[in-house]
Structure formats: structure tokens, C-alpha cells
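Visitor: I have a model open on my screen and would like to learn how to read it. Could you walk me through some features?

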Amino acid sequence: MKIILIILSVLGLALTVIPSVLVFVQDISLQTHQNIMVFGMLLWFGTSPFWMKEQKL
Amino acid sequence: MQKSILERLDTRLDAIDEYEREPVPDSKRKGWKGFLGMYAGEHTAGTEFVIGPLFVAHGVAAYDLIWGLIVGNILAVLSWAFLCAPVAVKTKLTLYWQMKKICGDKLALIYNIVNALMFCFLAGSMIAVSATAVGLPFGIAMPSLGDWLPTSLGWILTVFLVGAVITVVAILGYDYVARFANIAFPWMILVFIAAALAVLPQLGVTSISDFWTVAQEKIWTGIPAEGQSKFTFWHVMFFAWFANMAMHIGMADMSILRFAEKWQHGFSSATGMFFGHFIAWMASGILTAAAAGAIAPGIIAYNSAGIAGAICVVIAGWTTANPTIYRAGLAFQSVTPDWKRWKVTLFTGLVTSIAACFPALVMKLLDFVALYGLVLMPMGAVIFLDVMVFKKMNLQSNFAEASGSDFNWAAGLTWFITLILCVFINFYMGIEIFFLGLPGWFIAVLLYIGLSIFYQRRQEAAVQSVAG
């Protein structure tokens with residue numbers, strides 16, 4: 001379960017940054033990049049607290 | 001009899017022990033992970049969305065910006081590692097309780113009130129930055145560069161909403177703050193990078209080779225905006241070094257680093273400096289250039305990264321305001337030791353939210369940051385000398401505690417005279433506030449050593465004459 005959560009979190013980060021590269025190389029529009037970033041944000045904050053909280057602070 | 005909800009809440013909140021009034025026990029020390037995320041989150045903040053654009057407005061040239069940030073940030077990390085962390089690990093106390101031992105209750109009281117108010121104003125600027133994004137979907141008119149006073153009722157309500165949420169998290173304690181910063185940081189820094197990358201084509205950058213030319217001609221042009229002073233390499237370097245002067249040279253981060261297992265954990269501040277004060281400042285400069293010079297953080301982030309960008313501004317302000325309110329709460333608590341910590345933090349949050357209503361805190365952020373570091377710096381020099389150097393010079397450490405004094409005049413005069421001399425240097429020698437921290441620290445060091453020798457020898461003579 002934990003490994004799935006980590007994969008989803010990493011996917012969330014990837015969806016945050018990769019679309020901007022595609023905008024830079026002019027493969028997608030700025031609006032599409034902004035929409036994908038929202039999805040990436042939801043994935044990150046929806047999954048990362050469940051595995052990051054196990055770390056010793 | 002069954003306890004009321006308020007009584008149970010009071011008991012539960014009071015049970016969150018943060019060791020404000022005693023050395024941190026070894027069992028509660030934290031490893032690298034406790035600081036890497038904390039520093040990265042704290043310095044990848046809403047205010048970065050303001051500082052980057054203000055550098056652009058002040059006409060920093062591209063070369064000056066990059067080298068100024070590299071050198072200044074390295075000096076800041078070294079200040080944390082070699083000045084603040086060794087003191088924090090040795091004493092395991094907060095700045096405020098160490099102050100009482102060195103300076104006595106009355107001087108510590110004056111210092112703590114000044115310190116707490118400065119932290120409130122700083123956290124207030126962060127809340128205001130978050131509010132510029134929260135107010136966006138409601139169409140609330142945002143303050144502009146020339147606004148110093150609250151601009152509307154909607155603005156005030158937005159500020160208080162953001163302030164309330166941040167205060168509740170601060171009340172829940174340091175672990176909650178560190179955990180939230182740990183979670184938010186990786187996403188936030190990627191939003192900064194992604195937002196900047198996505199707007200580069202608008203500025204004419206279509207390949208990596210175009211960047212340097214565009215950076216020099218369209219972003220950091222070296223030409224200040226109308227009415228703004230010109231910033232050079234030295235301004236950038238000293239601002240990067242002293243932006244957190246109160247935290248490292250001023251020793252405020254003793255409150256955080258007292259939890260460190262070893263002094264080397266002071267180097268963990270590098271995450272904050274190079275992700276936050278390098279990448280984020282450059283990224284926000286790019287965003288403001290793409291937004292035709294707009295400064296409001298919520299707007300420039302929304303223009304480039306949409307809803308995720310606006311939420312990033314809110315969270316970035318939140319993760320910085322949290323530890324700042326926590327520190328301010330610690331300072332107020334030493335002034336009001338009978339108050340419970342959560343009540344003090346609640347009061348601190350209220351003061352901070354009131355301050356945040358005034359946009360001047362954001363629009364004059366560079367000057368305010370330089371001022372608050374400068375005001376608190378002399379006491380940092382006092383604490384460093386007292387804890388790390390005095391025994392080697394055969395001088396009495398913790399003089400107020402040892403002599404039963406409630407006002408250490410050597411420390412008090414060091415603080416006041418240093419600040420007076422800095423004002424003199426500023427007014428009569430024309431040296432800008434951004435540069436005063438360096439001569440000020442050496443002035444404070446010389447004054448505290450000289451005054452301590454004078455007062456301690458006088459005390460010894462008085463004791464001997466009574467004994468004789």
C-alpha cells in the first residue's frame with residue numbers, strides 16, 4: 001500500500017513540473033499546463049501525508 | 001464531573017510540551033530530517049514571490065543577481081553553521097531563556113517585546129502575501145505598490161481568515177509545523193520552477209541558449225523602475241546574507257536548532273538558501289517580467305501556474321508564517337510566563353493578523369527585512385561571545401544570573417550604542433541599511449567585550465571592598 005502511495009505522490013510531482021517543460025518546447029498550451037498542475041497538486045497532497053508522516057522528524 | 005469541551009481542549013493543548021523553559025532532553029533531539037524540510041519549507045515562502053520581483057524593480061543586472069545570490073547565500077549558511085548552531089547545541093535553550101541568564105529579567109523583557117513584535121510584523125507580511133492569493137477568486141481588490149493602509153473590508157476579512165488557520169497550526173506545536181513544511185516543500189519548489197519555465201516562451205526564450213540573452217535584456221536589465229533605487233552585486237549579496245540575520249547572527253534560530261543532535265545540522269539551512277533564496281527568487285523575478293512588472297504575488301503566480309500557483313502562494317506564506325508565529329509566541333511567553341503556551345500563541349496570531357492588514361509590510365519588505373535583522377543583531381553578538389568566548393577570556397558567562405542582576409548594563413549598552421552608531425553611519429556616512437549589519441556586528445563585539453571587562457572588574461572590586 002505504502003509503495004503505491006509513494007508512486008502516486010511522485011506522479012503528482014511529475015504532473016506539476018513536466019507540463020511546464022512541454023509548454024517551454026511549445027507542445028502544449030499554458031492553459032493545459034495549468035489544468036494538469038491542479039491534478040498534480042491533488043495527487044501530491046492526497047497521498048504524501050500518509051507516507052511522509054512516518055518519517056522521524 | 002465531566003469536563004467541558006474548553007477545559008479538555010485546554011488540558012490537551014497545555015500537554016504539548018516544547019521545552020521552552022528548560023534544556024531540550026537528549027531523547028527529543030532531532031536528526032537531519034527534522035531540519036532539512038523545515039528550512040527548505042520556511043525559506044521557500046510567500047515572501048519569495050515578493051523579493052524576486054522587487055530585485056527586478058530595483059534594476060539588478062543578471063550577472064550581479066546570480067553571483068550576489070551565490071556568495072550571499074553561502075555566507076548565510078556559514079553564519080547558521082558556525083555562529084547559531086554551536087550556541088544552540090551547547091545551551092539547548094531558546095534564545096529567550098538564554099537571554100534571561102545573560103541579560104537579566106528586565107533587559108530580556110525589553111528585548112523580547114521588541115523581538116516578538118518584529119516577528120509578528122514579519123509573519124504579518126507572509127499572511128498578507130497568502131491573502132493576495134486567497135482573495136483572488138472573490139474578486140477582492142488587492143493592494144498595489146503604493147498602498148500602505150488596508151484597502152477594503154474584504155481585504156481585512158481575508159487576512160483574518162488566513163491568520164486564523166495559520167495560528168491554529170502554530171498552536172499545535174513544532175512537530176506539526178515541521179511536518180507540514182516537510183510535506184509542502186517538494187511540491188512548492190516545483191511550482192516555482194514550473195511557473196517560471198512555462199512563461200519563458202512569452203519572454204522570447206524558446207531554447208536554453210536564448211535564456212542568458214533574454215535574462216539580460218528583458219528580466220534583470222540593470223535598469224530600475226521609476227522611483228526605485230539601483231541595486232548592485234553588493235546589495236544582492238548583503239541582502240541574501242542578512243535577509244535572515246535575526247535568525248542566524250541574531251540567534252533567533254536557537255529556538256529551532258536547540259533540538260539538533262549536533263552543531264553541523266546548522267548546514268541544513270542550505271536547503272532553504274539555495275532552493276528558496278536562489279531558485280525561488282530567480283523564478284519569481286521571471287514571473288514578474290512575464291507579468292509586465294506586476295508585483296502582487298497572487299496575481300503573478302495565478303497568471304503563470306493557474307489555481308495551483310495561487311494555492312502555492314497561500315501555502316508558501318503559511319509554511320513561513322507558522323515558525324515565525326511560533327518564535328514570536330516563545331518571545332511573548334517569556335514576557336508572560338504565567339500564560340499557557342497556546343494562549344500566548346493565540347494572542348500572537350491576533351497581533352500578527354492585525355499587522356498583516358497593512359500592505360506597507362509587503363510593499364516595503366526589503367527595507368523591513370533589513371531593519372529587523374539589524375535591530376536584533378547586536379544581542380546575537382552578545383550571546384555568541386557570552387556562550388562561546390567569555391570563558392576563554394576569563395570573563396563571567398551568564399553575568400546577570402551569576403550576579404543576581406536583573407539588567408546587565410554591558411549587554412544593554414552594547415545593544416543601544418550599536419544601534420545608535422548604525423543610525424549615525426546610515427545618516428551621516430550615507431551607508432544603506434542593507435550593509436550596516438557587518439560593521440554593526442564588529443562594533444557590538446568590541447563594545448560587549450570592553451563593557452563586560454569594565455562592569456565585571458567593577459563588580460569584583462566592590463565585592464572585595466565589602467569582604468575587606
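This is a predicted model: local features need pLDDT of at least 70, side-chain atom pairs count only at pLDDT 80 or more; totals for chains, interfaces and linings use all residues.

Visitor: Let's begin with the two chains. How many residues of chain B are in contact with chain A?

Guide: On the chain B side there are 24 residues, and they are in contact with 22 residues of chain A. Helix 2 (33-43), helix 8 (174-203) and helix 13 (297-335) of chain B each supply at least two residues to that side.

Visitor: Which helix of chain B gives the largest share?

Guide: Helix 8 of chain B does, with 15 residues. Sorted by class, the side of chain B that touches chain A has 16 nonpolar, four polar and four charged residues.

Visitor: Now to the helices. How are two packed helices described?

Guide: One gives the angle between their axes and the distance between the axes. Take helix 4 (residues 62-91) and helix 10 (residues 233-242) of chain B: they pack at an angle of about 30°, and their axes are 7 Å apart.

Visitor: How do I put that angle of helix 4 and helix 10 of chain B into words?

Guide: An angle under 35 degrees counts as roughly parallel, so helix 4 of chain B and helix 10 of chain B are roughly parallel to each other. Their crossing is right-handed. Among the residues making the contact are Trp67(B), Leu69(B) and Asn73(B) of helix 4 of chain B, together with Phe233(B), Phe238(B) and Trp241(B) of helix 10 of chain B. By class, this contact of helix 4 with helix 10 of chain B has 13 nonpolar, three polar and one charged residues.

Visitor: At what angle does helix 4 of chain B pack with helix 12 of chain B?

Guide: Helix 4 and helix 12 (residues 269-290) of chain B pack at about 160°, with their axes 9 Å apart. That makes the two helices of chain B, helix 4 and helix 12, roughly antiparallel. The crossing of helix 4 and helix 12 of chain B is right-handed.

Visitor: Which residues of helix 4 of chain B meet helix 12 of chain B?

Guide: Leu69(B), Asn73(B), Ala76(B), Val77(B) and Trp80(B) do, and including Met273(B), Phe274(B) and His277(B), several residues of helix 12 of chain B meet them. This contact of helix 4 with helix 12 of chain B has nine nonpolar, three polar and no charged residues. Leu69(B) and Asn73(B) of helix 4 of chain B take part in the contact with helix 10 of chain B and in the contact with helix 12 of chain B.

Visitor: And what about helix 6 and helix 7 of chain B, at what angle do they pack?

Guide: Their angle is about 115°, and the axes are 9 Å apart. Helix 6 of chain B passes helix 7 of chain B in a right-handed crossing. Ala131(B) and Val134(B) are among the residues of helix 6 of chain B at this contact, while Trp155(B) and Thr158(B) are among those of helix 7 of chain B.

Visitor: Where is Ile140(B) found?

Guide: Ile140(B) is in the loop between helix 6 (105-134) and helix 7 (153-171) of chain B. With 19 other C-beta atoms within 10 Å, Ile140(B) is partly exposed. Beyond four places in sequence, Ile140(B) is in contact with Gly135(B), Ser152(B), Gly154(B), Trp155(B) and Thr158(B).

Visitor: How many residues of helix 5 of chain B are buried?

Guide: Nine of its nine residues, which span 95-103, are buried. Lys100(B) and Lys101(B) are among them. Just after helix 5 of chain B, Gly104(B) takes a positive phi of about 90°.

Visitor: Last one: in the largest nonpolar core, which residues touch the most other members?

Guide: The core has 184 residues, and those touching the most other members include Ile127(B), Met188(B) and Cys312(B). Helix 13 of chain B gives the most to this core, with 21 residues. Met188(B) is in contact with Thr44(B), Cys312(B), Ile315(B) and Ala316(B), leaving aside its neighbours within four places in sequence.

Terms used: Residues are numbered from 1 along each chain as its sequence is written. Chains are lettered from A and ligands numbered from 1 in the order in which they are written. Two residues are in contact if their C-beta atoms, placed from the backbone, lie within 7 Å. Helices (H or I, at least four residues) and strands (E, at least two) are DSSP runs, numbered from the N terminus. Ala, Val, Leu, Ile, Met, Phe, Trp, Tyr, Cys and Pro count as nonpolar, Asp, Glu, Lys and Arg as charged, and the others, Gly among them, as polar. A residue is buried if 20 or more other C-beta atoms lie within 10 Å of its own, exposed if 12 or fewer, and partly exposed in between; C-beta atoms are placed from the backbone. A nonpolar core is a set of buried Ala, Val, Leu, Ile, Met, Phe, Trp, Tyr and Cys residues joined through C-beta atoms within 7 Å. Axes are lines fitted to C-alpha atoms, for helices over the stretch in contact, and angles run from 0 to 180 degrees between N-to-C directions. Angles under 35 degrees count as roughly parallel, over 145 as roughly antiparallel, 65 to 115 as roughly perpendicular and the rest as oblique. A crossing is left-handed if the near helix is turned anticlockwise from the far one by less than a right angle, and right-handed if clockwise.
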